[in-house]
Amino acid sequence: MTTPPLTELTDRTRDIFRLVVEQYLATGQPVGSKTLSQGGAVDLSPASIRSVLADLEQLGLLAAPHVSAGRKPTESGLRLFVDGMMQITQPSAEERRAIETRLGDPGPLEQRLEAASAMLSDLSGAAGMVFVPTAERRLAQMSFVPLDATRALAVLVDASGQIENRLIELAGVERGALDQASNYLSARLANRSLGEALKDIGAEIASGRSALDEASASLVQRGIAMWSEDADRSPVFIVRGQAKLLDEEAVGDVERVRQLLDELENKQAVAQVLERAREAQATRIYIGSENRLFALSGSSVIASPFRDRDGNIVGVLGVIGPTRLNYARIVPMVDFTAQSLGRLTG
């Protein structure tokens, strides 16, 4: 069923829908017509409210978990609310200071990532996550040093001065091709990550704009791909606050929480979810089955890339929990934490 746009809902229907979603997110419990009429926010009889709730259920925006129960938003309903009705609650000045102070403690980067993950868990009441691919380190240059007629060293120097090398087979490649590939890479790698370089250089070569001959172009692509694959084997992935998923509200939802904890154990798959969020310019929200990994547990992920002072993506941080997360509060909190961590690690 296609979710109707907000413009197709009457003002009365929109108001009732918004109240149901807000109360459900606040309590985790289905909302009935009696609750809405007693609250005073809706000037309608319980019978009229039931009629509107039935219409919203017919539209696929609400669902009744039991015949005698109230309604709760469906995933489509939550998406409509998040995209068009949610009123963001920005972090207070005190909360912003607390975040920046905690993230600004001196120490290695991984210590700050641990702090960011734990803090997101504390603020959201769910699990906090941080993912940083090792491929995201800034580079200085890359060159090919011939060893003999069939082998060369691919030498990589990062922005911190660390040097690594890998053996690469040449298969009859001449010295001129090595020099051309080295010059091309060094001119395009400065202060960039392997992932960024692989994407942009690949597009440039494919379009014929690189001015490289066939042998040099092959060397460039093989060299970048080799380093990217090596770096991707050991990313930094931190999850904190899984215990918060086992709160009192989860008692009647034990199977869902068990499934979520099992999904979180699959670190490689979770890292892939966060990896996709790196391409976003702002905070991304995945609700329930919108993300296949968490479809079984019906969980939501709120994730945002964080960047250094030069605007380069360093990693992704976020929150995962039940679909009844307080999106209005957590989305700006994740966004602000990502901005702060980026500034402090740049």
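Q: At what angle do helix H1 and helix H4 pack, and how far apart are their axes?
A: In this predicted model, helix H1 (residues 11-27) and helix H4 (residues 75-84) pack at about 100°, and their axes are 11 Å apart. Helices here are DSSP runs of H or I with at least four residues, and strands are runs of E with at least two, numbered from the N terminus. Axes are lines fitted to C-alpha atoms, for helices over the stretch in contact, with angles from 0 to 180 degrees between N-to-C directions.

Q: What does that make H1 relative to H4?
A: H1 is therefore roughly perpendicular to H4, a term that covers 65 to 115 degrees.

Q: Which residues make the contact?
A: H1 contributes Phe17, Arg18, Val21, Glu22 and Leu25, while H4 contributes Gly77, Leu78, Leu80 and Phe81. Contact means heavy atoms within 4.5 Å.

Q: On what basis are residues numbered and features counted?
A: Residues are numbered from 1 along each chain as its sequence is written. Local features need pLDDT of at least 70, side-chain atom pairs count only at pLDDT 80 or more, totals for chains, interfaces and linings use all residues, and side-chain values use heavy atoms, leaving out hydrogens and water.

Q: Changing topic, what is the strand order in the sheet?
A: The open sheet has five strands in the order S7-S3-S10-S9-S8, with antiparallel pairing. Two strands pair if DSSP finds at least two bridges between them.

Q: And which strands are at the edges?
A: Strand S7 (236-240) and strand S8 (284-287) are the edge strands, each pairing on one side only.

Q: Where does S8 pair?
A: S8 pairs with strand S9 (residues 299-307) over four bridges, and Arg284 has Ala303 in S9 as its bridge partner.

Conventions
Parallel < 35°, antiparallel > 145°, perpendicular 65-115°, else oblique.
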